[in-house]
Amino acid sequence: MAVLPIKFTKTKRDKLAQVLWVLNWISVVTGIILFSLGIFLKVEINKRQDLMAESQLQSVPNMLIAVGLIACLINFLGGKICYDCVDTNKFLRWKLVMLPYIICTFFFTLSVLVGALMCYSMHGQLEEALTLGLRDAMRHYKDTDTPGRCFLKRTVDLLQIQFQCCGNEGYRDWFQIQWVSNRYLDMSQREVVDRLRSNVEGKYLMDGVPFSCCSVNSPRPCIQHQITNNSAHFNYDFQTEELNLWTRGCRQALRDYYTNIMHSVGLTVLIIWLFELSVLTGVRYLQTSLENVLRQGDPECESDGWLLENSFVETARSNLNIIKHLGKFNQINISSNGDPNLDKPPTAHYGPDNVPPKPLPMAS
């Protein structure tokens, strides 16, 4: 029994072919949209790749770029096929091509769905990449004289100002690393020397943060040094007073930023997938209805169209049998007794020199 059969008259087939021709050209535009979304996502990730550890984040934009290009090619071909299918005689040139085309389009549509799901499932990779990347960037914040790292101070400062964040998890992360280069430490001061000696690793740690952590919304001048020392500042209580620093960590800020982008891109790709699936369904109905017209031999007659000629179970069973028999074509045909060498003539072996022995003389 066919799955979802529909009867088509000549007029309905022609209208279906014309509508599918238009929809395929719209699908070319959706392919351009997928390609553009991939480029946009790739640019956004590359903007802050210095703040992310190496991961598989680039797989999502690369997937969207590839799917977008394939969508343009497949739907351009589909538009040409549907345009010719208005004329039953022209359908003959595409008859052998349409079923492979539908199968390829099905797997392409499946890849669009995979791309949409990847946008929603990369939260864990994003979290890990940001945590490790920001940690390393903060450690090298002070290395302004080191080639390959001299730009990290500017990058981190711009990040904290733009996203109104401080540190990895929060401003206290800066207390645990040396973010001031030894080049700018006055070694003649006893306090500096004592602080360096008090640390096992010889680092200059202090309860201070870079200037980019200061909140512009605070009415009080920024307190970025000796943050936990109440006596160092007038009318200041570290425990009760609201700090004039950004309290949100940069990992959370970047995670929310990229998550919103991923969800928006994923929703767009999901809508495109539904549209592509509807176009594929229409092409399948057009192909089956036209093939039934050819079987009846009358271009003006009614014909049935369906998604599957048999039920899902029967279709799966027949495809499984085809796969099972694919490996049997190259097998050796054996005789009934199971010995493939039975019908072969015996091979004579005359010894190492391959010379037949001389016959013995007959007694007279």
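Student: What makes a set of residues the largest nonpolar core here, and which residues have the most contacts inside it?
Tutor: Keep in mind that this is a predicted model. The largest nonpolar core has 80 residues, and Trp 174 and Val 209 have the most contacts inside it. To belong, a residue must be a buried one of the nonpolar kinds, joined to the others through side-chain atoms within 4.5 Å.

Student: Why do you say the core lies between the two domains?
Tutor: Look at who contributes. Domain 1 (3-131 + 252-307) and domain 2 (139-250) both give residues to the core, so the core lies between them.

Student: What does Trp 174 touch, if we skip its neighbours within four places in sequence?
Tutor: Its contacts include Val 209, along with Met 138, Tyr 141, Val 156, Gln 160, Cys 166 and Trp 179. Met 206, Pro 210 and Cys 213 are also among them.

Student: Why is H5 called roughly perpendicular to H7?
Tutor: Their axes come within 10 Å and cross at roughly 70°. The label covers 65 to 115 degrees, so H5 counts as roughly perpendicular to H7. The crossing of this pair is left-handed. On the H5 side, Leu 159, Gln 160 and Phe 163 make the contact, and on the H7 side Cys 250, Ala 253, Leu 254 and Tyr 257 do.

Student: And H2 with H3: what makes that pair roughly antiparallel?
Tutor: Here the axes cross at roughly 155° and come within 9 Å. Anything over 145 degrees gets the antiparallel label, so H2 and H3 are roughly antiparallel to each other. H2 also passes H3 in a left-handed crossing.

Student: Where does Leu 267 sit, and why is Leu 267 called partly exposed?
Tutor: Leu 267 is in helix H7. Its relative accessible area is 46%. Buried needs under 20% and exposed needs over 50%, so Leu 267 lands in between, as partly exposed. Leu 267 and Tyr 120 are 147 residues apart in sequence, but 9.0 Å apart in space, C-alpha to C-alpha.

Student: How do you know whether Gln 226 and Asn 235 are buried or exposed?
Tutor: Use the cut-offs again. At 37% relative accessible area, Gln 226 falls between 20% and 50%, so Gln 226 is partly exposed. Asn 235 has 62%, which is over 50%, so Asn 235 is exposed.

Student: How many helices and strands does the chain have, and in what pattern?
Tutor: There are 8 helices and 2 strands, and along the sequence they read β-α-α-α-α-α-α-α-β-α. Of the 364 residues, 39% count as buried. Among contacts with a separation of 6 or more, 72% come from residues 24 or more positions apart.

Note on methods: Residues numbered from 1 in each chain as written. Heavy atoms only, no water. Buried < 20%, exposed > 50% of the residue type's maximum accessible area, 1.4 Å probe, protein only. Domains from an automatic or database assignment. Contact = heavy atoms within 4.5 Å. Axes fitted to C-alpha atoms, helices over the stretch in contact; angles between N-to-C directions. Helix = DSSP H or I, 4+ residues; strand = E, 2+ residues; numbered from the N terminus. Parallel < 35°, antiparallel > 145°, perpendicular 65-115°, else oblique. Left-handed = near helix turned anticlockwise from the far one by under 90°.
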